[in-house]
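This report walks through a strand arrangement and a set of ring contacts. Please keep the sequence and the 3D view open while reading.

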Amino acid sequence: MIQINNVSKWYDKFQVLNNCSTVINKGEVVVICGPSGSGKSTLIKTVNALEDFQQGDIIVNGISLSQKGIDLPKLRSRVGMVFQNFELFPHLNISENLVLAQIKVLKRQKTEALERGLKMLNRVGLSTHKNKFPGQLSGGQQQRVAIARALCMDPIIMLFDEPTSALDPEMVGEVLDVIVSLAEEGMTMMCVTHEMGFAKKVSHRVIFMDHGAIIEDLKSADFFGNNKKISPRATEFLSKIIQH
Amino acid sequence: MSTFFDWQIFFKDTGAGQTYLQWLLNAWAWTLLVSICAWIIALILGVSVGIIRTLQNQFIVFLGNAWAEVFRNIPLIIQIFIWYHVIPSLFITLRHVPSFILVVVALGLFTSARISEQVKAGIESLPKGQRQAAMALGFSNFQTYRYILLPLAFRIILPPLTSESMNIIKNSSVAFAVSVSELTMFALQAGEETSRNIEIFLATTCLYFVSTLFVNQLSQFLERRVKIPGTFGGDK
């Protein structure tokens with residue numbers, strides 16, 4: 001479904017992605033981890049072309065991102081994305097947040113969009129909050145709405161960029177639960193996270209990145225199970241974050 | 001002088017078939033007309049140029065920046081004189097354009113540079129993630145500005161925009177320099193004719209004050225209307 005082929009990216013002379021290649025199959029849940037500044041967020045943002053790249057190619061659902069003149073808005077509308085800082089639109093209430101892109105981008109009727117929006121809101125357990133504004137919800141609730149907003153667009157894949165990093169500890173669980181239930185339904189996902197317990201539970205594969213390069217690309221069981229299979233760098237990283 | 005204030009002066013005939021009060025009100029109308037017309041030009045151009053200055057295209061950004069620098073780095077009165085004296089001698093067809101129009105254009109362009117600066121700053125002050133979130137949902141560049149960035153930026157810049165709207169009324173007073181018969185022109189001429197500078201200038205000052213106060217109140221009303229619940233200053 002998604003092919004990343006030898007992708008490299010530079011900011012001026014500084015290389016942020018170094019020859020990254022991997023394939024994400026339909027229904028697969030892939031967790032991307034690694035120290036900060038290793039290029040995890042940049043990598044998943046290249047998948048919906050929020051970040052460009054100078055070398056290599058990414059093919060999303062048969063469309064090559066390196067070719068010129070592709071309809072980026074159309075492609076992005078089918079790739080759901082959840083951000084670290086939620087990024088709900090603060091001047092719109094929850095219902096409006098859920099329906100705006102459906103109406104303006106997918107050209108759905110208002111009633112159809114609202115029906116779909118409320119169904120997704122119900123799914124993340126927040127239907128009673130449909131008339132509130134984002135600023136009136138907790139961080140965890142906002143992130144669940146953000147997931148619902150992405151789901152409204154019937155995405156073929158969901159990208160999560162550290163979805164729990166900006167949350168208070170007691171709200172991490174409610175957001176991870178939603179993501180776990182999505183995984184159980186067979187949603188294709190790429191998720192950047194530091195939550196290794198969650199990664200172990202939900203992922204089929206783990207990609208470990210360092211200095212812009214993919215160091216490990218292993219089945220989840222291999223990554224977490226037998227430490228002899230992974231590089232010293234990844235072992236060191238795991239030991240550091242699992243200790244605490 | 002029999003009494004300190006002699007307000008009867010306003011009911012005296014000017015010798016041109018109207019009282020000084022009628023002249024005063026007429027001048028006030030010109031002040032408001034110049035201000036409103038200039039404000040419409042300033043808002044349309046200022047918002048457009050402000051948006052342009054936040055786009056990706058380097059060349060367009062350069063043009064926008066050049067616009068802002070040209071119109072805000074030259075004193076307003078010089079700009080008005082340039083429109084009045086220099087441009088008509090360069091373009092002969094402009095020789096018969098009324099000075100009212102020239103003043104409106106000059107004041108409008110001058111203020112548009114300042115508004116563009118505010119619009120640009122307002123858009124740039126938004127979290128980068130808002131633009132990314134809108135684009136990730138498939139919004140086009142136009143839709144991102146129309147539905148997300150501009151409604152948010154507008155709320156942020158409402159206070160400086162209010163100051164700018166008040167400034168435009170006050171700045172319209174330089175129109176007297178090219179013989180538009182607005183309030184300042186009235187004050188100077190009527191003051192000279194009647195030798196009643198205190199009354200004339202008090203009345204003129206009051207009308208400027210009332211006009212800008214009205215703008216201020218209108219804007220505060222607007223600010224309350226567009227407040228976002230759950231944000232700083234909004235209802236819980």
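What follows covers a sheet, its helices and the aromatic pairs. The model is predicted.

**The sheet in chain A**

Start with the sheet. In chain A, 6 strands form an open sheet in the order β6-β7-β8-β3-β9-β10. The pairing is mixed. Strands of a sheet pair through backbone hydrogen bonds, either parallel or antiparallel. Strands β6 (79-82) and β10 (213-219) of chain A stand at the edges. Each has a single partner strand, so one side of each is left without a neighbour in the sheet. From one strand to the next, the twist averages 15°.

One pairing can be followed down to the residue. Strand β7 (residues 157-161) of chain A pairs with strand β8 (residues 189-192) of chain A in the parallel sense. The two are joined over 4 bridges. A:F160 has A:C191 in β8(A) as its bridge partner.

**Helices across the sheet**

Two helices of chain A lie across these strands. Helix α5 (residues 139-151) lies across β6 and β7 of chain A. Its direction is about 170° to β6(A). Helix α6 (residues 169-184) of chain A lies across β3 (29-33), β7 and β8. Helix α6 runs at about 150° to β8(A).

**Aromatic contacts**

Now the rings. How many aromatic pairs does a search of the whole structure find? Over all chains, the search finds 9.

Are A:F223 and A:F224 buried or exposed? A:F223 is buried, with a relative accessible area of 0%. A:F224 is buried too, at a relative accessible area of 12%. Both count as buried because the cut-off is under 20% relative accessible area.

The chain B pair falls in another class. B:F5 is partly exposed, with a relative accessible area of 37%. B:W7 is also partly exposed, and its relative accessible area is 41%.

**A charge over a ring**

One contact of another kind remains. Which residue lies over the face of A:F89? A:R149 does, at 4.5 Å from the ring centre.

Conventions. Residues numbered from 1 in each chain as written. Chains lettered and ligands numbered in written order. Predicted model: local features only at pLDDT ≥ 70, side-chain atom pairs only at ≥ 80, totals over all residues. Heavy atoms only, no water. Phe/Tyr/Trp six-rings, centres within 6.5 Å; stacked < 30°, edge-to-face > 60°. Buried < 20%, exposed > 50% of the residue type's maximum accessible area, 1.4 Å probe, protein only. Lys NZ or Arg CZ within 6 Å of the ring centre and 35° of its normal. Pairing = 2+ DSSP bridges. Axes fitted to C-alpha atoms, helices over the stretch in contact; angles between N-to-C directions. Contact = heavy atoms within 4.5 Å.
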